[in-house]
Amino acid sequence: MGTTYQGDLDGAGLHIAIAVSRFNEPVTSRLLEGARKALERHGVEDKNVAVAWTPGAFELPPVARAFAESGAYDAVVCLGAVIRGETSHFDFISAETARGIGQVSADTGVPVIFGVITPNTLEQALDRAGGKADKGYDAVVSAIEMANLMRKIRPE
Ligand code: INI
């Protein structure tokens, strides 16, 4: 048997950046609240966390790229809410945001987490942002796991 790698959920010493979209702010501020809760619970120090607000989800990828290319962060978390009922260009925004975020991660090798929810209604959005589920919290847990996994595979 070869080697099995797993990322743990210890956030001590990790540096995490969050890009969060202001569009649908009542939803995204709750995603950010969940993200902050996860950072605290997993021991990521506040001084090691950076947050940047973008106008909409579409603008998340360039900000994620700036964070990733800075070399200062172990992982980047993107938070946003694209609600289908609210826009006829839902498909363009959601697809391009997902593609852009994936591209940043692939180009830089820094884990960039897709914490953008794409529900049909505002009610569903609120359910996923600290109601029935907490996608902001979940996104940070994935970021911590991925950051630690990359440190094991690629020790500096
Ligand atoms: N941005 C979002 O983050 N969520 C949305 O639901 C949304 N809608 O409905 O249009 C949205 N639009 C703005 C977009 O992300 C850009 O900021 C804008 O197109 C300027 O580039």
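**Note on helix α2 and the sheet it covers**

1. The buried residues of α2 are covered by elements that include β1 (16-21), β2 (49-54), β3 (75-81), α3 (90-108) and β4 (112-117). Helices (H or I, at least four residues) and strands (E, at least two) are DSSP runs, numbered from the N terminus. The model is a predicted one, in which local features need pLDDT of at least 70, side-chain atom pairs count only at pLDDT 80 or more, and totals for chains, interfaces and linings use all residues. Residues are numbered from 1 along each chain as its sequence is written, and side-chain values use heavy atoms, with hydrogens and water left out.

2. Helix α2 spans residues 60-70, and L60, P61, A64, F67 and A68 are buried in it; buried means under 20% relative accessible area, exposed over 50%, partly exposed in between (1.4 Å probe, protein chains only). These residues lie on the same side of α2 because they cover an arc of only 125° around the axis, the arc being that of the directions from the helix axis to the C-beta atoms. The exposed residues P62 and E69 sit on the face turned away from the buried side.

3. β2-β1-β3-β4 is the strand order of an open sheet with parallel pairing; two strands pair if DSSP finds at least two bridges between them. The edge strands, β2 and β4, each pair on one side only.

4. Between β3 and β4, the parallel pairing extends over six bridges. A81 has I117 in β4 as its bridge partner.

Note on methods: Contact means heavy atoms within 4.5 Å.
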